Each structure stands twice: as structure tokens, then as C-alpha cells.
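Welcome! Take a look at the structure below, and then let's walk through it together with some questions and answers.

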Amino acid sequence: MRFTRRLLLLAASSTLVLSVAVLPAAVLAQTQVQPSDPWAQSASDIPVDSNVRFGVLPNGMRYAILHNATPPGQASLRLRIDAGSLFENDDQLGLAHFMEHMAFNGTTNIPENDLLQILERLGLAFGADTNAGTGFDETFYRLELPNTRDETVDASLRIMREQVSEALMAPAAIDAERGVIVGEERTRNTPQLRAQKAQLALLAPGQRISNRFPIGDLEIIRNAPRERFVDFYNAYYRPSRATMIAVGDFDVDAMEAKIRSAFESWTPKAADGPEPDQGTVAPRQPETSILVEPGTQSLIQLNWIKAPDVDPDTVAERREQTLRGLGLAALNRRMAEIARGDNPPFLGAAAVYASLVQSLDRTVLLVAFNPGGWKPALERTEQEQRRLIQFGITEAELQREITEYRTGLENAVNAAATRVTPALAGALQGSVNGDTVFSTPATNLTLFNAAVADLGVDEVNAAIRTAFQGGGPLVLFTSPVEVDGDAEAVTAALNASREVPVTAREAAAAIAWPYDTFGAPGTPAERSEITDLGATLVTFTNGARLTVKPTTFRDEQILVSVRLGQGLLSLPRDRAGAIRAANDVLTAGGLGKLTEDQLEQALAGKVYSANFAIDEDSYQLSGATRPSDLLLEMQLLAAYVTDPGLRPAPLEQYKSQYPTLVERSRSSPGGVLGQEIGSLLASGDKRFANPAVVEVAGWTIEDVRSQLAAATADGPIEIVMVGDVTVDDAIAAVSATFGALPARPAAVPKPVGSDEVSLPAPTSRPINLTHTGPADQAIGMVLWPTVDAVNDRTESRLVSTLNDVVQLRLNAELRERLGIVYSPSSQASSSTVYRDYGFLLTLGQVSPESLGQYFEAIDTIAASLRNTLVTEDELNRARRPAIEALRRSQAGNGYWLRQLQGLHDAPENAEQIRTAVTDIEAFTPADVQRAAQAYLKSDRAWRAQITAESAATPAGQ
């Protein structure tokens with residue numbers, strides 16, 4: 001079971017895994033919540049997770065508390081308000097979201113700007129650990145606590161209480177925040193958002209959801225008086241609409257007492273606001289709408305809509321979802337197989353069933369294609385959907401989907417004890433928002449097995465036919481270019497396709513896994529341990545190298561990386577070779593003996609994955625698995641090294657998409673940045689640049705094969721393995737795979753100068769790039785050269801700390817004082833491979849008129865850091881969140897997978913790993929000033945801006 005595949009299936013049927021047919025008595029006995037409780041389980045026969053303490057304060061505020069010690073000593077808090085943009089009056093459009101901002105801008109007992117500083121001193125970073133969000137039907141506030149000490153928990157609960165009951169909404173603060181909201185609207189005004197608005201206009205005309213996007217109306221945002229904020233706040237920020245969720249490594253009784261102490265005295269200040277009238281789903285006939293929007297994907301959606309299902313979350317309800325989900329999963333697998341074939345009619349297609357915020361339910365069939373290819377894409381998608389409706393899924397298909405889901409559920413049960421706290425808090429919030437029962441993985445598996453024990457294809461086929469009933473199809477055609485034909489032409493093509501007869505699908509033959517032996521198992525020749533890091537280093541007689549670190553962070557998770565060759569170091573500077581396409585075509589091409597579809601069929605029910613990437617100094621295959629599938633995972637990765645499929649179809653699909661992707665990137669400043677930044681920051685070095693369209697057009701699969709084979713033919717293979725594994729099991733799995741391969745030739749010396757790359761030269765005036773999107777969107781950037789981290793990372797860590805201080809200053813100056821940037825950012829990068837290659841880069845999306853202010857503010861911030869010592873308080877507010885984030889990372893397998901790479905060649909890096917936290921803790925204000933004086937020099941700065949082609953004069957020049 002590939003993880004990416006699993007996620008797609010879960011997205012298609014969000015609650016499939018909880019569905020049941022019959023509840024065993026032992027499971028029913030777990031239900032402990034009484035029917036009088038205002039939770040979903042009170043109206044359901046689905047057992048709730050008894051480890052969660054559900055409660056209600058006398059004022060009506062609900063809370064859900066769960067002890068969880070992964071990672072240890074940390075906690076996640078979520079405070080949800082049962083109101084979002086759907087609850088706004090016509091003269092309040094955007095104020096639910098605006099109100100979320102104002103909750104951070106001064107309360108009765110916490111002056112403006114103090115709130116974030118209090119949290120920063122406790123180790124929480126704005127954005128990463130301190131955040132909020134507004135949707136159609138909820139507003140939430142989120143804190144990720146680095147520890148559960150009383151001072152941290154008490155301060156966090158006090159702040160959240162103040163936010164929801166004591167926001168001042170001072171007129172001056174509202175006026176200051178208007179520019180930030182306008183900046184956020186500018187940032188979010190993407191082609192994708194405009195396509196979503198067109199979608200809801202088609203699906204829900206006359207319903208509230210069609211004109212209640214959370215970002216709101218700019219006219220109201222710019223001019224709404226304070227009274228409208230107060231009206232919304234008092235009507236909907238009230239105990240009866242609030243739910244506190246607390247998950248983490250704490251005593252549940254103590255947390256419950258703290259929540260009660262913080263919130264019991266909260267009383268409403270006005271009458272409860274009315275529930276919004278969502279409108280009704282009107283009867284609909286087939287309809288087609290075309291939206292030409294530069295920057296969007298060429299996409300056709302076929303929608304069938306019906307009234308929303310608002311029944312309680314029950315066994316019967318979830319069983320219905322299960323049957324529908326299994327049928328859609330089979331259809332989506334068929335679509336994926338078509339997309340991976342030779343000369344496919346589309347890039348991808350999938351069906352999803354979703355409920356849109358209690359406004360309507362819909363089944364949507366989506367198909368993506370290259371511009372101009374809409375007719376064959378539409379025809380094949382329609383006919384494949386009709387084939388499913390007419391002939392249904394086969395018994396073999398049903399059993400395969402059941403197997404896939406059961407495997408995921410079994411893995412979830414085995415990993416339940418080490419589920420991570422933020423994910424659990426998010427899941428609890430989701431269950432509250434969706435009014436569903438929060439149940440355990442063990443219960444989910446038991447219920448699923450009961451549901452599918454006697455399930456036949458007839459029931460599933462009946463459910464899938466029901467899914468495609470309703471008003472419609474309502475066809476939305478989004479395209480980045482003018483469409484060859486109008487809405488009537490699309491409708492005519494759809495109607496003509498329906499007249500084409502379809503036949504039943506042929507049953508696929510069973511496929512065996514052919515990569516179970518690679519020769520005589522290898523023998524370890526050397527073994528050593530780095531005790532304090534918990535790592536064991538093994539070298540096999542054939543030269544293969546293994547670094548393994550057993551952990552207890554996540555049950556049932558093993559992460560693996562396989563590194564070989566020299567990566568970008570081996571590539572030419574002056575051209576982009578076809579090997580660059582290997583990122584997209586290697587795993588998509590399957591293996592020599594199995595296509596990608598055959599591989600998935602052969603490994604049904606297994607937990608495995610494989611990804612390929614070209615890194616700075618290696619080519620890397622990576623994957624994730626569980627202990628019982630470890631040998632299979634290593635067989636898979638070894639097969640990709642020794643017998644890759646590299647078939648033409650994935651390359652041809654990549655080549656056909658590439659020109660459109662490049663063109664789409666030009667429709668926004670962020671897209672241009674993503675397309676050009678690699679080349680800009682490497683002074684045109686082709687190794688770091690996206691290839692030109694003409695280069696990609698000339699690539700052949702033979703080029704990819706020969707270049708990849710040559711680049712990975714020599715030098716040792718390094719395997720790093722981290723997670724729920726023993727050293728002996730890791731050695732055994734590698735011995736049977738990579739350790740069994742023939743010895744490889746010694747590594748060819750890296751080309752002279754290959755570890756050199758140049759940053760762009762300083763500029764007195766910004767260089768200007770252009771985009772084709774809205775004229776009010778622009779980006780400003782300033783970069784300073786810093787230092788590499790090739791041998792010693794201490795100085796680069798100092799630069800990173802300087803960067804954290806810069807980020808605080810950007811937030812205070814650009815967002816809070818000037819209000820010209822919604823989310824200013826600063827980032828530091830220091831290469832561990834390329835000498836003298838490191839930089840600190842600031843970036844902000846602004847209006848073109850504000851570019852001058854942006855560059856002036858950046859210069860002022862840099863000068864102040866050069867000329868004046870930061871305070872100890874500011875330094876701690878910058879570095880404590882960074883330290884806590886680092887410690888959180890160190891409690892995860894992904895961190896160690898990255899850190900342990902290369903230890904065989906550079907054992908001295910172990911010391912660099914050890915000092916990651918202590919280095920940062922040791923820096924002083926004087927160190928930060930020294931770094932600013934050394935690196936943030938105005939005559940070393942490179943400046944750039946991205947403005948619209950329609951802009952008359954680049955504003956930053």
C-alpha cells in the first residue's frame with residue numbers, strides 16, 4: 001500500500017474506515033458518554049474513544065482532553081468557535097476572519113503586541129506554533145506548547161480566554177490591521193481561488209456558501225466600523241459555541257482543573273447570534289460553464305448535487321459511506337491505470353464524494369489534461385464512469401480495496417500508542433466540526449471487519465450508482481487558455497460520448513512479486529556504534545554501508561534512504577540533462593519486470609513506498625514501511641537500483657505537461673519566484689535551474705536511462721534506516737538486498753570545481769522580473785551572502801539565529817507597524833556541500849506601490865541590527881521557538897534520517913549533530929550583532945522584485 005495512494009483514497013471517502021454493518025457487544029460496551037451529553041456520541045451507536053475526557057462547563061463551553069506522550073512533554077491546544085464566514089451579515093463579509101486577527105491585537109488584560117511576545121518567551125513561534133484560522137463554519141485558535149510546565153499551560157489558557165472574551169477591537173488597532181487583511185487577500189487571490197469561486201457559483205447559486213468566502217469583501221474590510229466587529233464578536237464568541245481541545249503529555253485531572261479555572265467565569269455579552277440559513281439545493285438540469293483563468297490547470301469537473309445529508313453520525317450512516325467509498329476507490333484505481341498507460345487520454349482523473357458545509361452534497365468526477373485535449377479526456381472519463389455504473393466492480397476489485405483499507409487500519413492499530421499530539425488534536429477538532437464520533441483505531445478495525453465480512457459486489461454497485469444520482473451533471477471547465485469550443489460544444493461532446501457503447505472490464509490476472517532474491521546474502525565486514533546518538537554503522541563485504549538508529553518515536557514506522565552517486569555535483573553547469581526527469585519518471589515507470597500498475601497489484605495489502613530525488617551530492621531513493629514489510633521495502637528499493645522500468649510513457653506525459661506548467665507559473669509572482677529562484681540564486685548555474693522548455697522537448701527515455709546508469713554506476717551505496725526496527729533486523733534486510741549485490745567500482749573523483757556555486761552579485765537597484773497576473777501583486781526580495789556549513793555548522797547556526805531575529809523584526813515592522821505585508825518571511829540557508837554558499841533572504845508579497853517601503857524597511861532593519869545590540873529578551877524570543885522546534889524534530893524519525901546521512905564518510909559530523917541545541921543556546925547579543933555586521937552589509941545585498949507585466953514602472957526601482 002503506497003502511502004500517497006492511501007491518502008488519495010481517504011480523501012475520496014473521508015469516514016470510510018469507521019463504517020460498520022453490525023456492532024459486536026464487546027465494542028458497544030466501550031460507550032460511556034450519556035445521551036444527555038452534547039456530543040456526537042450521545043446520538044450515535046458508534047463507540048467513542050473512552051480515553052478522551054469529554055465535558056461541559058456550567059456556562060455551556062465544551063472541552064475534550066486526551067493524554068498523549070508522543071512527543072513527550074508537549075501539548076496541543078485548540079479553541080474552536082462554532083462560527084465562520086457563513087454566519088456574517090451582508091454588511092460583515094470578511095469580518096469573521098478579520099475578527100480572528102483582532103483577537104491577537106489587544107485584550108482587556110494583555111496590551112497590543114504583548115500577546116505574541118509572551119508566547120515567544122515561552123518558546124512558541126508565530127505561525128508555526130501560534131496560529132488561527134477561519135473557515136465557512138468555524139474559527140479556531142491553535143497553540144503548540146513546547147512543554148507542559150504550569151507557567152506555559154497557564155499563560156496559554158489565559159491568552160486563549162482573553163482572545164475569545166476580552167478582545168478590545170480598538171478603532172486604531174482595527175485601522176492598522178486593515179492593510180494586513182488587504183495584503184492577505186492579495187496573497188490569496190490566486191487562480192485557484194478564483195476557480196473555486198466559479199465552482200460554488202455553479203453548484204450553489206442562491207445559497208449562502210456561494211458568496212461567503214472567508215476572505216470577504218475588500219470594501220467592507222477597508223471601511224467597516226468597530227460596531228460591526230463588536231456585533232459579530234458578542235453574538236458568536238460565547239461559551240455555548242466554544243470547544244477547548246487539549247491533547248498532550250499532562251495529567252488529565254490537572255488540565256481539566258486549569259480549563260475550568262480559565263473559562264468557567266466566561267459569560268456571554270449579548271444574545272446568541274442566529275444560525276445561518278444555508279438555502280436549499282434547487283432542482284438542476286445538466287449545465288456547462290467555462291472559466292478561462294490563466295494559471296489554472298486544464299480541468300473538467302462533472303458534478304452531481306443533492307441536498308446535504310445531515311443525519312447523525314451512526315452505524316448505518318457510516319456503512320453507507322463505506323459502500324460508496326469502496327466503489328469510488330475502485331473507479332479511481334481504474335482511472336490511475338489509464339493515466340499511466342501509453343498515450344493516455346488525460347493526465348489524471350478521480351471521483352470524490354464530499355459534503356460542503358451542510359449546504360449540499362456532491363459527487364464530482366474530475367479529469368485533468370493538457371490544453372486542447374479536453375474532448376478525448378472528457379469522453380474517456382465519462383465512458384469509464386458509465387462502465388462502472390453499468391457493469392459494476394468485480395469481486396477481485398472489491399477484495400483488493402477491502403485489503404488496502406484493512407491494511408491501513410491494522411497499521412493504525414499497531415501505531416496507535418505513538419500517534420503524535422498535534423495530529424490527534426487536529427482529529428478531535430475535525431470530529432467536533434463535523435459532529436462525528438471520535439473512535440479509536442482498534443474500534444475502527446473491528447467495525448470495518450464486521451462491515452465487510454459478508455459484503456458482496458451487488459451492494460457496493462448499488463451504492464456507487466446512487467452516488468452519481470442528483471442534479472446535473474453540472475460541468476465546470478477551467479482552462480488557462482481560450483477553449484476550442486463553447487459550453488454548447490462541451491455539452492454536445494458529453495452527450496455524444498454517452499451514446500458510445502461500453503463493455504465490461506476484463507479481469508486482471510494475479511501477479512507474483514519477482515524481486516525476492518538478489519544473490520547470496522552479504523556479510524558485514526565492519527561494525528561500530530555511536531552510542532550517544534544511538535546509531536550503528538555497518539559496512540558489508542561488497543562495500544554497501546548501513547547506518548541504523550532504532551527509535552521508539554513511532555510504532556510501525558521505519559524510514560529508509562538509499563544514497564548513491566554524486567547528485568548535482570556530477571551534472572554539467574551549462575545544460576540540463578535528461579537525468580533531471582528521473583525525479584518524475586523513475587518510480588512512475590515501475591520496474592523492469594513490472595509496470596507501476598502490476599507492481600501495485602503484486603504488493604496489494606503491503607505497506608511500502610518509493611520516491612526518487614536528485615540531491616546536492618547524491619541520488620536518493622527513500623521509502624517508509626512497517627517492521628513486517630521491511631524486507632519487502634528493501635527488495636523494492638534494490639529493484640529500483642538494479643532494474644528500473646524507465647518506460648517512455650511517464651516521460652512523454654512529463655514532457656507534454658511541462659510547457660503548460662512553465663506558462664502557468666507566470667500567472668502570479670509566487671509562480672515566477674518558484675520557477676526562477678533556483679537559477680537566480682546560483683547565478684545561472686544550470687544544475688540549480690529549472691530546465692528550459694526547449695531542453696525538455698528534446699529528452700528521450702534512452703537519454704534518461706543512459707545518464708542515470710552512468711551517474712549511479714560507481715561508489716558505495718549508503719543506506720540509512722531509522723524507526724521501529726532492531727539493528728539485527730536492519731542488517732538482515734540489507735544483507736539480503738543491497739549487501740547481496742556485486743561490489744561496485746570505486747567512486748570517480750568529483751569534477752574539479754563542482755562544489756563551487758556563485759550567489760548573484762550585489763545590486764544597488766532591484767532587478768525586475770514580471771508575471772502575468774493581477775497588477776496589484778508584487779514580491780520584494782533582499783539577499784545577503786553568508787557562510788557555508790561544509791565543515792563546521794556553528795557559524796551557520798549563528799546566521800540562522802540572526803535570521804530568527806530578522807523574522808521578528810519583519811513581523812513587527814512590515815506586518816504590524818506598516819501593515820504592507822501579510823506574511824513577511826526570512827530564511828537562512830547554508831550548504832553542507834558547496835563551499836562559501838550560504839545566504840539570508842527576506843521576502844514579502846506587497847502591492848507594487850509598497851515595494852519602495854519594503855526595501856527601505858529591510859535596509860532599516862539590517863542597519864539597526866548592525867548598529868545596536870539586540871536585547872536578551874528579543875534574542876530569547878527569537879531563539880527559544882527555534883530551539884523548541886529543533887527538539888520537537890529530534891523526537892521524530894525524519895530528523896534522524898537526514899542527520900545520519902554521510903556519517904561513514906564524515907564521522908566528524910557526529911559532533912555537529914550533538915551541538916545543534918547547545919550552539920544556539922550559547923549565542924549572545926554580541927554574537928548576533930557581530931553576525932549582522934559581517935553579513936548584513938548594504939553593499940553586499942542583492943535585491944529583486946517581481947511585478948506585473950501591466951505595471952507601468954517597476955515601483956522598487
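## A first tour

Helix α4 passes helix α28 in a left-handed crossing. The model shown here is predicted.

Q: At what angle do helix α4 and helix α28 pack?
A: Helix α4 covers residues 114-121 and helix α28 covers residues 872-890. Their axes are 8 Å apart. The packing angle between the two is about 65 degrees.

Q: Which residues of α28 make the contact with α4?
A: On the α4 side, the contact is made by Q117, E120 and R121. Their partners on α28 are D873, N876, R877, R880 and P881.

Q: By class, how many charged residues does the contact of α4 with α28 have?
A: The contact has 1 nonpolar residue and 2 polar ones. Its charged residues number 5.

Q: How far apart are the end C-alpha atoms of helix α5?
A: Helix α5 runs over residues 150-165, which makes 16 residues. At 1.5 Å a residue, the helix should span 22 Å. The model agrees with that expectation, since the end C-alpha atoms are separated by 22 Å.

Q: How many of the 16 residues of α5 are buried?
A: Helix α5 is mostly covered. Its buried residues include T152, V153, A155 and S156, and R161 and E162 are also among them. The count of buried residues in α5 is 12.

Q: Is P146 buried or exposed?
A: P146 lies in the loop between β5 and α5. Beyond its neighbours within four places in sequence, P146 is in contact with G73, Q74, L122, G123, L124, T152, E884 and R888. Its relative accessibility is 7%, and a value under 20% means buried, so P146 counts as buried.

Q: How far apart in space are P146 and V833, C-alpha to C-alpha?
A: Along the sequence, P146 and V833 are 687 residues apart. In space, their C-alpha separation is 32 Å.

Q: What is the relative accessible area of S85?
A: S85 sits in the loop between β3 and α3 (95-102). Leaving aside neighbours within four places in sequence, its contacts are A96, T134, G135, F136, R212, F213 and P214. S85 is buried, and its relative accessible area is 0%.

Q: What separation do the C-alpha atoms of L631 and A733 have?
A: L631 belongs to helix α20 (residues 630-642) and is partly exposed, with a relative accessible area of 42%. Not counting residues up to four places away in sequence, L631 touches A733, A736 and T737. L631 and A733 are 102 residues apart along the chain, yet their C-alpha atoms are separated by 5.1 Å.

Q: What is the phi of N343?
A: Most residues other than glycine have a negative phi. N343 lies in the loop between α11 (315-339) and β9 (348-356) and counts as exposed, at 78% relative accessibility. N343 is not a glycine, although its phi is positive, at about 50 degrees.

Q: Where does V357 lie?
A: V357 is not a glycine, although it has a positive phi of about 45 degrees. V357 is partly exposed, with a relative accessible area of 21%. Its place is the loop between β9 and β10 (360-368).

Q: Over which residues does pLDDT stay under 50?
A: The mean pLDDT of the chain is 93, and 96% of its residues reach 70 or more. Where pLDDT is low, the predicted coordinates should not be read in detail. The stretch where pLDDT stays under 50 is residues 1-36.

Key
Residues numbered from 1 in each chain as written. Predicted model: local features only at pLDDT ≥ 70, side-chain atom pairs only at ≥ 80, totals over all residues. Heavy atoms only, no water. Axes fitted to C-alpha atoms, helices over the stretch in contact; angles between N-to-C directions. Helix = DSSP H or I, 4+ residues; strand = E, 2+ residues; numbered from the N terminus. Left-handed = near helix turned anticlockwise from the far one by under 90°. Contact = heavy atoms within 4.5 Å. Nonpolar A, V, L, I, M, F, W, Y, C, P; charged D, E, K, R; others polar. Expected span 1.5 Å × (residues − 1). Buried < 20%, exposed > 50% of the residue type's maximum accessible area, 1.4 Å probe, protein only. pLDDT = per-residue confidence, 0-100.
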